[in-house]
Structure formats: structure tokens, C-alpha cells
Amino acid sequence: MSNLSAKIPDGINFLSKFTFGRAGNALKVVLSFYISKWIKKPIQWGIPISISIEPTTSCNLRCPECPSGLRAFTRPIGMLEQTFFKKMIDELSGKLMYLIFYFQGEPYLNPKFLEMVKYASDKGIYTATSTNAHFLKDDIAKKTIESGLDRLIISIDGTTQETYSSYRIGGQLDKVLEGARNIVKWKKELKSKTPHVIFQFLVVKPNEHQIDEVYALGKEIGVNEVRLKTAQVYDYEQGNELIPDNEKYSRYKKGKDGKYEIKNKLLSHCWKLWHACVITWDGLVVPCCFDKDAKHQLGDLKQNSFHEVWKGKAYHQFKASVLRSRKEIDICQNCTEGTQVWG
């Protein structure tokens with residue numbers, strides 16, 4: 001399920017999205033990153049290979065380490081508008097490879113979400129999203145397959161209701177499983193190879209004993225892959241009730257002084273900053289998914305084109321600061337550049 005053979009079809013699908021324009025852009029991005037890393041000065045050729053865009057900040061759950069769940073944003077909350085989205089995709093589609101419909105919030109709460117997925121898919125962009133799966137009723141599951149979505153990540157952080165709801169507060173595991181079964185059913189009915197369905201298991205102390213069980217559950221339902229993910233915890237130095245006992249599944253380790261510290265060495269470079277970016281529902285461009293409250297605003301797509309923002313002074317200065325010392329940047333201090341424990 002999570003071995004190489006299960007991932008090959010998804011990899012082939014992703015590679016099928018390559019065009020000469022996208023391949024040339026990707027090469028420029030890679031070269032500019034390694035040259036910048038070498039000379040310690042930011043150079044940026046090409047545009048991002050991957051972009052994350054936020055369909056909404058709204059969410060039906062109240063997860064304890066999530067600003068959406070805590071209702072703790074200081075930035076405006078709202079829904080991505082379809083007109084703005086289409087304008088952005090029209091500008092970027094010739095070179096953009098990968099579009100993630102997720103930042104904060106539950107994507108399926110945006111009523112135009114699947115229409116936007118289809119718009120991007122029709123332009124040959126690999127599309128992905130992450131969902132808590134509470135809204136994947138039969139008709140919505142069918143529309144999800146028909147939208148052309150390439151990857152569907154379903155958050156399932158427990159194999160019993162008690163364990164699941166200890167983190168996914170307000171959630172119902174039976175709805176998650178029903179939604180997953182609906183997706184698998186309609187893939188078969190419509191003879192579709194997509195989306196590649198992933199059960200993503202956020203490993204925390206209350207659920208780490210259920211890792212084997214989630215693999216078995218994924219196999220029973222027929223998802224393509226089960227993926228284990230380490231949890232980001234905000235207050236970790238003195239320990240936290242969410243940090244797993246098995247350090248293998250944790251982003252943090254206990255130091256000699258008894259305090260917890262992040263495993264990542266925070267080297268002064270960041271591949272993600274060169275090849276990807278995040279766009280909020282209202283058009284703000286931020287460096288990455290660790291800037292959940294959009295404190296580091298690098299541009300506004302309601303005021304400027306993406307190319308103007310990407311090549312602008314604010315982006316250049318932020319990249320220079322990363323090459324100088326990542327440890328001095330607040331959003332980098334709890335960053336593992338997407339560290340996951342692969343199943």
C-alpha cells in the first residue's frame with residue numbers, strides 16, 4: 001500500500017504533466033537554488049514549480065494545534081473567489097506543475113472548490129488537496145472524481161472514535177471512513193485512476209499505538225497509500241502531551257538539559273522557498289505553510305501580478321535573510337521542511 005509499487009502510478013501521472021515549458025522552468029528553479037546556496041546570495045530564475053492556495057480559512061473541527069481549529073487568526077478570514085483564482089491560474093498555468101488546494105481550513109467548505117479544481121486540471125496542472133473528509137457524501141465524492149483531482153489526502157488521526165476525536169475535536173470517524181469509501185467506490189464506478197488517495201496519520205501520543213491498525217484500515221477500505229506524519233507542536237520545550245513516546249515519530253528530541261528541541265539543524269537554506277509558495281484566500285503571498293497567520297507578507301496579488309511579487313524586493317530580502325541565518329526567522333524555528341515519517 002505504501003511501498004514503491006503503490007506510488008508508481010501516481011508518479012507516472014505527475015510526470016505526464018511535464019511540458020517543455022514546465023521542464024525548462026523547473027530546471028531554472030533548481031539551478032538558481034543551488035547557485036544561491038553556494039554563493040550565499042539569492043538568485044531566482046523561473047517561477048514556482050508548486051503553489052499552495054487556500055480555498056478557505058473556515059473549518060468544522062477544532063484541532064488543538066491549528067489556528068483554524070482554535071479560531072485564532074489575526075488575519076482576515078474568508079473564501080477564495082473563483083474569478084481571482086482563474087486569473088491567477090491563467091497567468092501561471094504554462095509553467096506551474098503542482099497546485100495544492102490547501103493552507104488552513106477545510107477546502108470542501110468552499111462551494112466553488114471542485115469547480116476550481118477542474119479549471120486547473122483542465123490546464124494540465126497536477127492538483128492535490130487535504131481534507132478531514134466530513135463532506136465526502138456520495139454526490140460530492142462523485143464530483144471529486146469528475147473534477148480531475150490527482151491527489152486526495154484524508155486526515156485520519158485515530159482508528160477509534162475516542163482516539164480520533166482526542167485530536168480532531170468535534171470530528172466523527174464514521175464520517176471520515178464513509179467519505180473514503182465513497183471516493184474508492186466512485187473511482188471504480190467511473191474507472192478513474194485518480195485521485196491517488198492517501199490516509200494521512202498525524203502521529204501524536206494518544207494515537208501512536210494505533211499505527212498498525214491504520215495500515216490495516218487503509219488496506220480494508222482500498223486507499224492507495226498510508227502516510228505517517230510528524231506533528232508540529234507550538235509549546236514543546238518543556239514537553240507536550242501530544243509528543244509521541246517513540247522519538248521516531250516526533251519532530252522533537254529531549255536534550256541533555258531535559259528540554260525538548262527540534263531535530264532539524266536549521267541549516268541556512270530552504271529549497272521550499274525557491275520552488276514553492278503559499279497564497280492566502282485573499283491573495284496574499286507568504287513564504288510557506290509555516291506562516292499560518294501571514295506575518296511575512298511578500299506581496300498582494302490583488303495589487304500586483306504574481307511575477308511582480310515573485311521577483312520583487314520583499315521576496316529577495318526574505319530569501320537573503322534565510323541564506324544569512326534561518327535561526328533568526330520565527331517561522332523557521334519550528335520547521336522541518338515538511339518532515340514526514342514515510343510508511
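Reader: Where is Asn 110 found?
Author: In this predicted model, Asn 110 lies in the loop that runs between strand E2 (98-101) and helix H5 (113-122).

Reader: Is Asn 110 buried or exposed there?
Author: Asn 110 is buried, because its relative accessibility is 4% and the cut-off for buried is under 20%.

Reader: Which residues does Asn 110 touch?
Author: Leaving aside residues up to four places away in sequence, Asn 110 touches Pro 55, Thr 56, Met 79, Leu 80 and Met 116.

Reader: Turning to cysteines, how many disulfides does a search of the whole structure find?
Author: The search finds zero disulfides.

Reader: And Cys 63 and Cys 332, buried or exposed?
Author: Cys 63 has a relative accessible area of 4% and is buried. Cys 332 also counts as buried, at 8% relative accessibility.

Reader: Now the helices. At what angle do H6 and H8 pack?
Author: Helix H6 (residues 138-147) and helix H8 (residues 173-189) pack at an angle of about 50°, and their axes are 9 Å apart. The two helices are therefore oblique to each other.

Reader: Is the crossing left-handed or right-handed?
Author: H6 passes H8 in a right-handed crossing.

Reader: Which residues make that contact?
Author: From H6, the contact is made by Asp 138, Ala 141, Lys 142, Thr 144 and Ile 145. H8 contributes Asn 182, Ile 183, Lys 185, Trp 186 and Lys 187.

Reader: How many of them are nonpolar, polar and charged?
Author: The contact of H6 with H8 has four nonpolar, two polar and four charged residues.

Reader: Next, the backbone. What is the peptide bond from Thr 194 to Pro 195, cis or trans?
Author: That bond is cis, with omega near 0°. Pro 195 sits in the loop between H8 and strand E5 (196-203). As background, most peptide bonds are trans.

Reader: What about the phi of Lys 191?
Author: Lys 191 is not a glycine, yet it has a positive phi of about 50°. In general, most residues other than glycine have a negative phi. Lys 191 is found in the loop between H8 and E5.

Reader: Is Lys 191 buried or exposed?
Author: Lys 191 counts as exposed, because its relative accessibility is 75% and the cut-off for exposed is over 50%.

Reader: Lastly, what is the phi of Ala 294, and where is its place?
Author: Ala 294 has a positive phi of about 55°, although it is not a glycine. Its place is in the loop between strand E10 (284-286) and strand E11 (299-300). Ala 294 is buried, with a relative accessible area of 3%.

How values were computed. Residues are numbered from 1 along each chain as its sequence is written. This is a predicted model: local features need pLDDT of at least 70, side-chain atom pairs count only at pLDDT 80 or more; totals for chains, interfaces and linings use all residues. Side-chain values use heavy atoms; hydrogens and water are left out. A disulfide is a pair of cysteine sulfur atoms within 2.5 Å. Buried means under 20% relative accessible area, exposed over 50%, partly exposed in between (1.4 Å probe, protein chains only). Axes are lines fitted to C-alpha atoms, for helices over the stretch in contact, and angles run from 0 to 180 degrees between N-to-C directions. Helices (H or I, at least four residues) and strands (E, at least two) are DSSP runs, numbered from the N terminus. Angles under 35 degrees count as roughly parallel, over 145 as roughly antiparallel, 65 to 115 as roughly perpendicular and the rest as oblique. A crossing is left-handed if the near helix is turned anticlockwise from the far one by less than a right angle, and right-handed if clockwise. Contact means heavy atoms within 4.5 Å. Ala, Val, Leu, Ile, Met, Phe, Trp, Tyr, Cys and Pro count as nonpolar, Asp, Glu, Lys and Arg as charged, and the others, Gly among them, as polar.
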